[in-house]
Structures are given as structure tokens and as C-alpha cells.
Amino acid sequence: MNELNYIIKRLLQIIPVLFCVTVLIFIMMRLIPGDPALVMLGDKGSPETIAAMRHQMGLDQSYLTQYWIFLNNLLHMNLGKSVYYNQPVSELIQQKILVTITLTIVSTILAILISFPLGYLSGINRGNLKGQIINAGSLVAVSLPSFWIGLLFLILFGLKLGWFPIAGWGQTWPEHIYSMILPGLTQALATCALLIRNIQNSVSDILKKDYVDFAYSKGLPRKIVRSRYIIKNVMVSTVTLFSMRIAYMLGGSVVIETVFALPGIGLLLLQGILGRDYAIVQGTVFIFAVIVLAMNLFTDISYSILDPRVKLQ
Amino acid sequence: MSNTILEVIDLKTYYIEKNRVVKAVDGVSFSINEEETFGLVGESGCGKSATCRSLIGLVHKPGEIVNGCINYKGTDLLKISPKELEKIRGSEMGMIFQEPMTALNPVLKIKEQIMESFKDKALSKQQKYEKAIELLRLVGIPSPEKRMESFPHQFSGGMRQRVMIAIALASKPRLLLADEPTTALDVTIQDQIIKLLNDLKRELKMSMILVTHDLGVAAQMCDRMAVMYAGNIMEITDAVTLFGSPRHPYTIGLLNSLAVNKEKGGKLQPINGAPPDLSNMPEGCPFAPRCQYCEPLCEKQLPDLQEIEPGHLSRCRCVEKLANIKGIIEPAGKEEPS
């Protein structure tokens, strides 16, 4: 039961990492200038109301006590209560996480659909015009900031052409998915550029491998050589980068959800930061950290499934 | 007695780059008879592997076959469609590679790599499975049933080479191209693989082209041999004659530099100089700058491959001068059928 041992070991390793994450968010939030109570009440608040607010938020206690409360709550699966929404953070996240997850999944699928064919195409056409066009395109895509691409998409496909909604994510599932296409595409572009580069290199490497020649020399049809010899080996060399990018896209959702006004936890996090709502920031960042760590574990497991040379231990 | 299975006429494979042309194979002609082992020997970069790859259509860009005719059982392989070539590969012509580690797909089980190689569409999955085990047994893999589930990295070098041979033989090719099949292996394993290939060739009545830089290996396997130098064939003859009475200065140089000589009290004699740059070939005989028999004309004009006795061809205009040179070593002879 090597695999099971490994997974248990990895899960245990997550605990100290999460602990460090809690310390980091806690300190960083308090390093941001601006008293939360003041930000929330604005300049209308009298010193008394501000003091009352600080007391209600627990800010009048020492940092150590505040941290202890935060940690203690976490251990009881309690992410605290948002002052701004006057709602438990866990409830807020539950309401909104589906948006972010859908966005990430749509982005991931679009990234796969775009980068695998293009990467393969540029790999087999390396050096000629076709390959160079794809290369130039991906260079442009990786250089443009995603909020700007997002705005361009909104203006062109949303306002001018009216093909896609410009804000929100609708009521029903078809509407949800449909409204995710523009944000997903925006999110996927930068990842596509990197993946195309990576896949291109690995395709052109693999094409030179003896095992591909050997496969042809056996008389295997081109189609089978492509799927079982080239693409399968490309996947092995791409999966790590790919899963890192999925984690990255999760973080990118802060920008994308803001641009496209999607009610996800990325937008929630941004609102939390701007409103100095400590509970929201601490809760959402913590959830992001958990998802990223889970993704990492999942990557290592899928890597060992794809590449038999890799053993989990 | 023998029918020609493959005839290569004036094959030229060039690597055409932006500002230079590397003439890896520059007008090679030879033929192979059925059930014969034909050796292509020469030092690294002389074009023997490129010749071999040209035969089965696996020349990589920027390489290109620019001229010639590869006549396999009456079909010119350079004129047929990729689909037809696909049909010939595997069932008519197979190939094994130098590095057994890199020639097997690291992410597919041995089972899958063998079973996908059977070209007979009538076979059921079960039949393929049984035939695969049979093949592994044939090439001497112990407990083949268990090894079917293994991946290439779980085999030792020698075993991997056996697996590769099993895969190449899955569709019973009539002609096996072996590109340095023993070079990456230990000497003891080398001997086993040589014996295996010799046995299989006899059993399956195949022809074989052996590409090697190791004259010792060639001596143990080949019926006839061609010595290549800088993209040209310098000498073709049967193995016994080649080792017994070579008629080309390059062949003589190769034999002189063999370690066997040293055991007999002689010194190792290297061939002075280095092979020419294939992208900037001298006008005349490519071996002229290193040749002790070189005549002025040699530097101007490449001599033809001329027949000096039946079945013995040499590309040298000084064959008379070489006529008295005795075989440097006794022909090792082919391994006798056991």
C-alpha cells in the first residue's frame, strides 16, 4: 500500500503549510495601512462608534490574542464572520465558490482545447512559417495583461457585437456556462501561450526520439503513433506545468471576476481587502491555499499514473 | 541459389541546411540476397546509419533522399505512397535500434507495445496476447507471462534489447535492419544478442542488414560486407575475403587498428588524420588525404567501384599495389550453425 501511505504522508505535510499560510495572511492583513473600523465607518464615525466597532471586530485585543481566536475558530471549521456582509464567511464562500470553480474549469478546458492542437501543430511545423506564426501569436498573448484583454473582449464581443453578457453569470446552468466563455477565454490566453511553448518543445523533442521511429518502422499508422507515442509522452512532460497554471488561474480569478463582475470568491477577496474585512480575506485566502495544495497533490498522483517511471513514495 | 531481396542503386541522402549540404550518403549501391546477412561497417559518421534509415524511410529533416532507387522485391520504395510504405514496414521490413532504452515507448506496457505490432487484423486480442508471450519466449525473456505487464524501464539493457527484437519480429519481416544492435550493451550481453540474432535469422529465414562499427561483431554475423567511408562504399565482398585479403587501403587501415593485432605481437596502427567534413568533401577520393597509397589522380577524381574478382568490388585505383597484402588477421569466420 505504498500509494496510500504516500497520500497520507502528503496530507499530513499539508498541515504545517496551512499553519504558515494562516500566519502569513494574518500578518500581511495587519500590515496594510488603514484601520478596518475607520475604513468601514468612514469619516462620519465618532471616536465612540469607532471604538465600539473596534471592540466588536475584536481589534482592541492584542495581535497574539487575535491570532489565537482566528486559529481556534479555524480548528472548529469556523472562518469568522464578515462585518461588512454581517454573515459568516463560510456561508459567503459557499455561495460564491461555485462561480470561481466554474470559471477555473471553463478556463482549463479552453486552455486545453486551444493549446494542445496549436502546440502540436507548431511542434511538427517547428521552424517553418506556420510554426512561427503560432509562436508569434503566443508571444503576444503572454505579454498582454489579462485585465486589458478582458476589457477588449467585453467591448468587442459584449458591447459591439452583443454575443456575450457583459456582467454577472445568470440564473441557470446554460447561462452560467455561456457567461463564462469570455472570462474563461481571457483567463486561458496567458496559460495557452505558455503551454503552447512547452508542448511545442516537447513535441519536437519527441519526434526525434527513437521510439517514434521504431513505432513507424513497425508499420504503425500515423494516427496511432501520434496518439500513443507522441501525445501520451507530451502529456507526461506537460502535466506539471499545466497544474501549476491551474493554480495560477485560480489566483487570476481575482482580476477576471472583477473585470467581468462575476460574483465569485476572487471578487469577494478583493472586496474584503478594499473594505479591510479581515475575516473575509483570511477565510478566502485560506480556502485558496487549501485548493492549491490539493491541486498539487492531485498533480503528483496523476503524474505517477501517466508516467510509470514515477513512483509515489 | 540466392534471389535478390533488396537492391539499392545510387542512393544519395543529403542533409540540406541553409548554407551547407551534408552528403551523408553519396551514391551507395549494393544488393542483398534472401537469407543473407549484409554488413555495413565504417567509423562514426560515415553514412551507414543514414543508409539504413533511408531504406525504411526514416530520414529526419533536413535530411532528404535526393536520388536513387531502393528496389525491394521489385517495388521501388522511393516511389510508393506513405500508405503502401506503412504496409511494407513491419511485415516486410523491420528495424532495431542502437539504444534499447530510447527505442521503447516509456509510457506503454511491453504487452501493448508488442500486441500493437501484429499487423494481422484477423487476430483476436487473446491470440495476440498468446503470440506476444510466444515472441518473448523466443527471444529468451524468462517468465514472459509476468514480464508482459512491465514497462521498459523495469528491464535491464540486454533484456530491453531482446524485447525490442521481439517487437520488430512481431510481424515476421523478411528483412531486418539492425542499426548497431549491440553497441550499447556490455560485451557479455553483446555475445548473447549476436547469438540470438543469428539464431532468429536462421529460424525465420530472414535477411538482415547489420550496421556496425565493430568489425568483431560484423565478423560473427555477416555473410557479405560493405565498408563505408564518407558516404561512399569503399569495398564490398564476402566476410571471409574482407578479413583475409582486403583490397582497399581504408579496409586495411581498419583491420590494422583492430585490437586483435596487438595480441599477436603487432602494434595497434591507427589511421592517421580524420575523416573529411561531409559538407565540404574533397573533390577526389575522400580517403586520399589519409591514404599511404595515394596517387596524384586520387585527389582529383573519385575512382569507380570496380570488380576485381567475382563478387569483390573495391573503389581504389591502386588495387594492384594491394594485391600482395595478406589478410591482417585470420578470418574469424561465421559462427557455425549449432
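User: What counts as a helix or a strand here?
Analyst: Helices (H or I, at least four residues) and strands (E, at least two) are DSSP runs, numbered from the N terminus. This is a predicted model, where local features need pLDDT of at least 70, side-chain atom pairs count only at pLDDT 80 or more, and totals for chains, interfaces and linings use all residues. Residues are numbered from 1 along each chain as its sequence is written, and chains are lettered from A, ligands numbered from 1, in the order in which they are written.

User: How many helices and strands are in chain B?
Analyst: Chain B has 13 helices and 12 strands.

User: How compact is chain B?
Analyst: Its radius of gyration (taken over C-alpha atoms) is 21 Å.

User: What about its domains?
Analyst: The domain assignment, automatic or from a database, gives domain 1 (4-222) and domain 2 (241-322) of chain B. Their C-alpha centres lie 29 Å apart.

User: How many residues of each are in contact?
Analyst: 10 residues of domain 1 of chain B are in contact with 7 residues of domain 2 of chain B. Contact means that C-beta atoms, placed from the backbone, lie within 7 Å. On the domain 1 side, strand 2 of chain B gives the largest share, 4 residues.

User: Switching to helix 8 of chain B. Which residues are buried?
Analyst: Gln190(B), Ile193(B) and Leu197(B) are buried. Buried means 20 or more other C-beta atoms within 10 Å of a residue's own, exposed means 12 or fewer, and partly exposed is in between, with C-beta atoms placed from the backbone.

User: Where do they sit around the helix?
Analyst: Seen down the axis, they fall within an arc of 65 degrees, so they line one face of helix 8 of chain B. The arc is that of the directions from the helix axis to the C-beta atoms.

User: What do they pack against?
Analyst: They pack against helix 7 (157-168), strand 7 (175-179) and helix 9 (215-221) of chain B.

User: And which exposed residues are on the face turned away?
Analyst: Thr188(B), Arg202(B) and Glu203(B).

User: What follows the helix?
Analyst: Lys205(B) does, with a positive phi near 55 degrees.

User: Last one. How many residues does each chain put into the contact between A and B?
Analyst: Chain A gives 22 residues and chain B gives 26 residues. Helix 9 (210-217) and helix 10 (222-259) of chain A each give two or more residues to the chain A side.

Notes:
Two residues are in contact if their C-beta atoms, placed from the backbone, lie within 7 Å. The radius of gyration is taken over C-alpha atoms; the globule rule is 2.2 Å times the number of residues to the power 0.38.
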